[in-house]
Amino acid sequence: MRRIQIYICQCIALALFVNAEILAQQIFKTTANSVIGYLEYLPDGYSNNSDKYPVVIFLHGNGEKGSNSTDPAILNQSISLVTRHGPPKFVKNGYKFPFILISAQLKNNYGTWPVSYIDEVIEHVKTYLRIDESRIYLTGLSLGGGGTWLYAEHFSEKIAALAPVCGGNNWPPNACRLSGNNLPVWAFHGDKDTVVPLSKTTDMVNAINACVPAPA
């Protein structure tokens, strides 16, 4: 009986250790200026070389906002919400990406992702991580998809590609800013979406493709 108890205790300890290791893959940090919380994931081997890495910036949806605070301790309490969906969820479940992943959290006093908010996160991580600035990729889900579109409309020269998922908050008259910089776009949207109309994506994609010259 004692052997069984010892075995069970060992299994529990191992499970806790593995879970801690998985959680440790994403570290909570904040920007210096507005104290924006985000999760940082570094690929295996990052600390063993001097290479520059591509980075994916992930913007979450409306249900994963954090506190309107500049206290890192308070922001840290809600940062786990960011891991509900998308790339940070895969990391939480043990998946290993070959790139840096930065998953920012929007404060709950914002209704949408401000361009300046996203840019602060991007510029901040560039100051201390070995990021290949020619390979900065932006993706987001729902509200975050809208933030992805909006950022690309204003700073298409700063990113290598974007992948908005069921995002609104875009403006087709700005589409040629993306096309003019030959910015690759891979947009996703389900036709059963009852929150963000499918037309928000199709209209923007059609506007990009209608630019002169057309994107390559």
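Biologist: How do the residues lining the second largest pocket divide into nonpolar, polar and charged?
Modeller: In this predicted model, eight are nonpolar, two are polar and none is charged. Here Ala, Val, Leu, Ile, Met, Phe, Trp, Tyr, Cys and Pro count as nonpolar, Asp, Glu, Lys and Arg as charged, and the others, Gly among them, as polar.

Biologist: Which residues lie nearest the centre of that second pocket?
Modeller: Leu183, Val185, Ile208, Asn209 and Pro215, out of ten lining residues. The volume of the second largest pocket is about 160 Å³.

Biologist: And what is the volume of the largest pocket?
Modeller: About 260 Å³. Its lining has 16 residues, and Leu138, Thr139, Ala163, Trp186 and Phe188 are the closest to the centre.

Biologist: Which strand gives the largest share of that lining?
Modeller: β5, with five residues. β3 (53-59), α3 (86-92), β5 (131-141) and β6 (161-165) each give at least two.

Biologist: How many of the residues lining the largest pocket are charged?
Modeller: None; 13 are nonpolar and three polar.

Biologist: Switching topic, what's the average pLDDT?
Modeller: 90, with 88% of the residues at 70 or above; pLDDT is the predictor's confidence in each residue, from 0 to 100.

Biologist: Where does pLDDT stay under 50?
Modeller: Over residues 1-23, which have four contacts (heavy atoms within 4.5 Å) beyond four places in sequence. Where pLDDT is low, the predicted coordinates should not be read in detail.

Biologist: What about the ground rules?
Modeller: Residues are numbered from 1 along each chain as its sequence is written, and side-chain values use heavy atoms, leaving out hydrogens and water. Local features need pLDDT of at least 70 and side-chain atom pairs 80 or more, while totals for chains, interfaces and linings use all residues.

Biologist: How are pockets and elements defined?
Modeller: On a 1 Å grid over the protein atoms alone, a pocket is an open set of points where a 1.4 Å probe fits, with protein on both sides within 12 Å along at least five of seven lines; lining residues have an atom within 4 Å of a point. Points are joined across faces, edges and corners, and a volume is the space filled by probe spheres set on them. Helices (H or I, at least four residues) and strands (E, at least two) are DSSP runs, numbered from the N terminus.
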